[in-house]
Amino acid sequence: NLDPRTEPDLVCDATRVPVDAGSFDVVILSEVIEHLPDPMACLREAARLLTSGGMLLAAAPFIYQVHADPIDVGRYTPQWWERSLPAAGFSEAVIEPQGMYLSVLADMLRSWACSLEERSAFYPGLRKPAFRFVQWVRETALEHEGKGHWAPGSFYANFTTGYGVRAVKG
């Protein structure tokens, strides 16, 4: 977040952080990697910044609306993470989907409803029911996906809003 009101400690390129190697026990890349033209350089820099045995925590969208900030250049599969993390200096990687089919559907419906609202394009009387329906889909997604009803590799589990990643330097 580059907003001066948030008082960032550093404003720099994520591939060249002006801090000594081994300065941190944890590096967090939350919703960052999809905005970088060279994500591997960022992963290598994260490894450089970590102490031996330090932890990388990352989250990135997968099936999600393209959102420039200022650019949006990638979506990364588990296979990309499995190949890229060791190449950048990480081991013991855990890659977890963050939401399945219903969560993807809920995000798409929310984006659609927000788009209609921004354009004042709702038919009279349908704004509130549309947003109530979106809320119901989101709650249903949380309820069903949280119970683990869908086996890994099943049709529904093969959709995800994104991935959470945990990896150890070394």
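A: Let's start with helix α3 (residues 101-118) and helix α4 (residues 127-146): in this predicted model, their axes come within 8 Å and cross at roughly 165 degrees. An angle over 145 degrees counts as roughly antiparallel, so α3 is roughly antiparallel to α4. The crossing of these two helices is left-handed.

Which residues meet here? On the α3 side they are Y101, L102, S103, L105, A106, L109, R110, A113, C114 and E117. Their partners in α4 are R127, F131, F133, V134, V137, R138, T140, A141, H144 and E145. Sorted by class, the contact of α3 with α4 has 12 nonpolar, three polar and five charged residues.

From α1 (39-49), the contact draws on P39, M40, L43, R44 and A47; from α2 (78-88), it draws on W80, W81, S84, L85, A87 and A88. The residues of the contact of α1 with α2 divide into nine nonpolar, one polar and one charged.

Leaving out residues up to four places away in sequence, L43 touches L29, I33, L56, W80, W81, S84, L85, A88 and F90. L43 also belongs to the largest nonpolar core, which has 24 residues. Within that core, L29, I33, L43, L56, W81, L85 and F90 touch the most other members. The elements that give two or more residues to this core are β1, α1, β2 (50-61), α2 and β4 (162-169), and α1 gives the most, with six residues. Another core, of eight residues, lies apart from it, and L116, A130, V134 and V137 are among its members. Two of these take us back to where we began: V134 and V137 are also in the contact of α3 with α4. As background, nonpolar side chains in soluble globular proteins tend to be buried together.

Is L36 buried or exposed? Its relative accessible area is 15%, and under 20% counts as buried, so L36 is buried. Setting aside neighbours within four places in sequence, L36 is in contact with A14, C42, V73 and Y76. L36 and P70 are 34 residues apart in sequence, with 9.7 Å between their C-alpha atoms.

Now step back to the whole chain. It has four helices and four strands, arranged along the sequence in the pattern β-α-β-α-β-α-α-β. The C-alpha trace spans about 60 × 45 × 20 Å along its principal axes. Buried residues make up 35% of the 170 residues. Among contacts with a separation of 6 or more, 80% join residues 24 or more positions apart.

Methods. Residues are numbered from 1 along each chain as its sequence is written. This is a predicted model: local features need pLDDT of at least 70, side-chain atom pairs count only at pLDDT 80 or more; totals for chains, interfaces and linings use all residues. Side-chain values use heavy atoms; hydrogens and water are left out. Axes are lines fitted to C-alpha atoms, for helices over the stretch in contact, and angles run from 0 to 180 degrees between N-to-C directions. Angles under 35 degrees count as roughly parallel, over 145 as roughly antiparallel, 65 to 115 as roughly perpendicular and the rest as oblique. A crossing is left-handed if the near helix is turned anticlockwise from the far one by less than a right angle, and right-handed if clockwise. Contact means heavy atoms within 4.5 Å. Ala, Val, Leu, Ile, Met, Phe, Trp, Tyr, Cys and Pro count as nonpolar, Asp, Glu, Lys and Arg as charged, and the others, Gly among them, as polar. Buried means under 20% relative accessible area, exposed over 50%, partly exposed in between (1.4 Å probe, protein chains only). A nonpolar core is a set of buried Ala, Val, Leu, Ile, Met, Phe, Trp, Tyr and Cys residues joined through side-chain atoms within 4.5 Å.
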